[in-house]
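Please read these notes with the model open beside you. They go point by point.

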Amino acid sequence: MTPREARAAAPPDDVRATAAHVVARGDVAPEDRAYAVRKITDVAARATMPLVAVDVRLSIAPDPARARPAAVECSIDCNGEVLRAHAAADTIREAADLVVERLQRLLHRVEERARAVRLRHRDAGPGAWHHGDARTRRPPFYDRPVEDREIVARKTVSPAPETVDEAVGTLELLDHDFLLYLDASTGEHAVLHRAGEGRYELHQPRPRPDAVDGCVAHVVVSPASAAVQTVASAVERLDLGGEPFVFFVDAGSGDARVVYRRYDGHYGLITATP
């Protein structure tokens with residue numbers, strides 16, 4: 001093998017052996033910069049997949065009266081899977097700690113998904129789906145008679161705050177059709193779902209088009225507000241509208257909820273708690 005062939009056959013460089021790319025804006029103290037970079041690179045170093053790039057952005061708003069003036073942004077390229085986390089807080093160190101928590105969750109999800117893919121490859125026969133193919137094809141909904149439909153799956157979640165772009169990443173990692181999450185910019189629960197052709201639609205209790213300003217992903221805000229209603233009325237709306245899910249605010253508890261159609265023709269119910 002020639003030296004050129006050897007270089008071509010070698011795996012891509014792993015940035016564990018190199019420094020992260022860091023950009024700081026504003027009055028970021030050197031010791032706070034070092035703290036944030038160390039915490040983030042420590043998390044990245046524990047990833048089981050090759051790391052292609054680690055980018056960190058630190059900023060302090062010039063207005064001292066601004067709430068949560070310190071911001072930390074990070075993106076980690078794990079062999080083509082880009083994980084993004086962002087947090088704002090009173091100090092750079094507090095924001096860095098929040099980003100680290102989110103990165104840990106994202107890395108765990110990526111690694112769990114990769115593990116599931118390896119198991120499918122091991123157990124599947126010829127013609128099975130492989131990672132990198134088109135996303136999972138959904139089976140058609142079973143047209144169960146309305147009178148036979150029941151809520152057969154109930155789930156309660158307490159999601160951590162995410163930006164819209166982070167929610168898009170989570171949706172893709174989980175390979176779900178929609179995601180009930182806590183929006184970091186509004187402090188309210190919202191639902192993100194696939195709108196087709198690489199687009200996403202954001203459903204909020206009260207539509208705020210500015211919530212997607214600056215998003216990397218192509219996200220549009222639904223003009224419809226989440227209705228305040230009971231589970232029974234949401235199910236009725238689901239049946240009448242033929243939609244895959246209904247996002248609503250429970251009339252009794254005030255919790256954000258999603259009732260959705262399962263592929264077996266029954267319903268599922270997800271409740272988000274503070």
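1. Start with strand β14 (residues 267-272). Six of its six residues are buried, so β14 is largely enclosed by the rest of the structure. Buried means under 20% relative accessible area, exposed over 50%, and partly exposed in between, with a 1.4 Å probe and protein chains only. Tyr267, Leu269 and Thr271 are buried on one side of β14, and Gly268, Ile270 and Ala272 on the other, which leaves both faces covered. In a regular strand the side chains alternate between the two faces of the sheet.

2. A word on the source. This is a predicted model, in which local features need pLDDT of at least 70 and side-chain atom pairs count only at pLDDT 80 or more, while totals for chains, interfaces and linings use all residues. Residues are numbered from 1 along each chain as its sequence is written, and side-chain values use heavy atoms, with hydrogens and water left out.

3. Next, the partners of β14. Strand β5 (residues 151-157) runs parallel to β14 and is joined to it by six bridges. Thr156 has Thr271 as its bridge partner in β14. Strand β13 (residues 256-261) runs antiparallel to β14, again with six bridges. Here Ala256 stands opposite Ala272. β13 and β14 form a hairpin with five residues between them, and Gly265 in the turn has a positive phi of about 95°. Strands pair if DSSP finds at least two bridges between them. Helices (H or I, at least four residues) and strands (E, at least two) are DSSP runs, numbered from the N terminus.

4. There is also an open sheet of five strands. Its order is β6-β7-β8-β9-β10, and the pairing is mixed. β6 (161-162) and β10 (218-221) are the edge strands, each pairing on one side only. Strands β8 (residues 189-196) and β9 (residues 199-203) are antiparallel over five bridges. His193 has Glu201 in β9 as its bridge partner.

5. What lies across this sheet? Helix α4 (residues 164-174) lies across β6, β7 (178-183), β8, β9 and β10, and runs at about 150° to β7. Axes are lines fitted to C-alpha atoms, for helices over the stretch in contact, and angles run from 0 to 180 degrees between N-to-C directions.

6. Look at the loop between β9 and β10, where Val212 is found. Val212 is buried, with a relative accessible area of 15%. Leaving aside neighbours within four places in sequence, Val212 is in contact (heavy atoms within 4.5 Å) with Leu202, Val219 and Val221. The C-alpha atoms of Val212 and Leu202 are separated by 8.6 Å, and the two residues are ten apart along the chain.

7. Now the largest nonpolar core, with 34 residues: Ile40, Val56, Leu58, Val72, Ile76, Val99 and Leu103 touch the most other members. Such a core is a set of buried Ala, Val, Leu, Ile, Met, Phe, Trp, Tyr and Cys residues joined through side-chain atoms within 4.5 Å. α2, β2 (51-60), β3 (70-78), β4 (81-89) and α3 (92-123) each give two or more residues to this core. α3 gives the most, with nine residues. Beyond four places in sequence, Val72 touches residues including Ile40, Leu58, Ala85, Ile92 and Val99.

8. Finally, check helix α2 (residues 30-45). At 1.5 Å a residue, its 16 residues should span 22 Å, and the end C-alpha atoms are 22 Å apart, which agrees. The expected span is 1.5 Å times one less than the number of residues. The buried residues of α2 are Tyr35, Ala36, Val37, Ile40, Val43 and Ala44.
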